[in-house]
Amino acid sequence: METKFWELKKNPEAAVGEAAGLIAAGEVVAFPTETVYGLGADGLNPEAVAKIFAAKGRPADNPLILHIADPEQILPLTTGLNANARALMDTFWPGPLTIVVPRSAIVPDIVTAGLDTVAVRMPSHPVAAALIRASGCPIAAPSANVSGKPSPTNAKDVAEDMTGKVAGILDGGNCGIGVESTVVDTTSPVPTILRPGGITREMLEERLGAVEVDPALNGDPALRPKAPGMKYRHYAPRASMYLYEGTQAARRLTEAAIRAQKQGLHAGILCDDGVKSHLEENLRRGHSLEILSWGSGKPDLAEHLYELLRDFDRLDPDFIIGMGVDEKGLGLAVMNRMRKAAGYHILLAEEGKTVVRSGSGFPEFLLATGE
């Protein structure tokens, strides 16, 4: 398949119009949102939606999100909205929030994975909104990557995965938030976060009061997913990844990096600017470590995480060691993604002791040095 590539800086109206024509004709087009790039098709056309699953290699029991451009567009998609759903729409739309509501009969089974609910969001990115309006339909769209790989936050990474698999790619530059939308189930007695994202738990609690977090976020493979990204391995680089968490995560990661360097290992190190600077001051010249920093805070980590994970694929380290952050604010979302990227290989570093919190144990190079 030939993939059309549009640079929106040149002629955005024509590009969006041409892309919308392809979607209306039942094709798949990648487009930017404020979170990550989406892989979009007519959400009410089962044959078109099937092309999304084929392009991504996505499991059929992983539901999709329907994207709309105006709040009233949700009404035909659901049998009803309760007070919590309306409060979230009024407060956070347009924006990086997806709400799960009872589905109506017009929503195809392939979109919902056979569930009696449907996930809907109204993106704030102007290109996404323009594309939805021009297409004349709700757009079903997961992230525009091969299933399991880190989500793309720029058109170059979309093209790497999707050239020849989809009809077109709209290049709208880099995404601002960098992690997928928060997904909240409004059909449960207490609103429940099914996937953390740019709208934090604290923001939701301020608006709704009590908010729960779904236990499936702990990675239980036996639980059926009610939202995208809950069940399968996601966001993963090719190399095995280990994640340090806890109050001493930065210190223990620094020590591990120095040990890897002494053994001449080609390791990837994912950390913030402070740890990177410290390592660069203390490592000998000519070391074989690949040290990538996200910046200085959680917003930087959210914005750059997927890009950095893809950079590690290009650098091809033997393994990656990552540094976790606390779960306050955006921390809940970025730690959800980092744990999945690491396959839940987590080392809990507290004062005086580091233990295996989950996964296969310590990496071999640490055991070899008496860890």
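## Surface and charge

The chain exposes about 14700 Å², of which carbon and sulfur atoms supply 50%, with accessible areas taken from the Shrake-Rupley method with a 1.4 Å probe and, for residues, only the protein chains shown counting as cover. The model is predicted, so that local features need pLDDT of at least 70 and side-chain atom pairs count only at pLDDT 80 or more, while totals for chains, interfaces and linings use all residues. Residues are numbered from 1 along each chain as its sequence is written, and side-chain values use heavy atoms, with hydrogens and water left out.

There are 37 positive and 46 negative side chains, and the centres of the two sets lie 3 Å apart. Lys and Arg count here as positive and Asp and Glu as negative, without His and the chain ends, and each charge is placed at NZ of Lys, CZ of Arg, CG of Asp or CD of Glu.

## Overall fold

The chain holds 12 helices and 17 strands, where helices (H or I, at least four residues) and strands (E, at least two) are DSSP runs numbered from the N terminus. Its C-alpha atoms fill a box of roughly 60 × 45 × 30 Å along the principal axes. The radius of gyration is 21 Å, which agrees with the value near 21 Å for a compact globule of 371 residues; it is taken over C-alpha atoms, and the globule rule is 2.2 Å times the number of residues to the power 0.38.

Among contacts (heavy atoms within 4.5 Å) between residues at least 6 apart in sequence, 67% join residues at least 24 apart. Of the 371 residues, 56% count as buried, meaning under 20% relative accessible area, against over 50% for exposed and in between for partly exposed (1.4 Å probe, protein chains only).

Helix H11 (residues 331-341) is largely enclosed by the rest of the structure, because 11 of its 11 residues are buried. Among them are the charged residues Arg 337, Arg 339 and Lys 340.

H11 is followed by Gly 343, whose phi is positive, near 60 degrees. Tyr 344, a residue other than glycine, also has a positive phi near 60 degrees, and lies in the loop between H11 and strand E16 (346-350).

## Other backbone features

Most residues other than glycine have a negative phi, and most peptide bonds are trans. Asp 316, which is not a glycine, has a positive phi of about 55 degrees; this residue sits in the loop between helix H10 (298-315) and strand E15 (319-323), and at 48% relative accessibility counts as partly exposed.

Trp 93 and Pro 94 are joined by a cis peptide bond with omega about -5 degrees, and Pro 94 belongs to the loop between helix H3 (83-92) and strand E5 (97-102).
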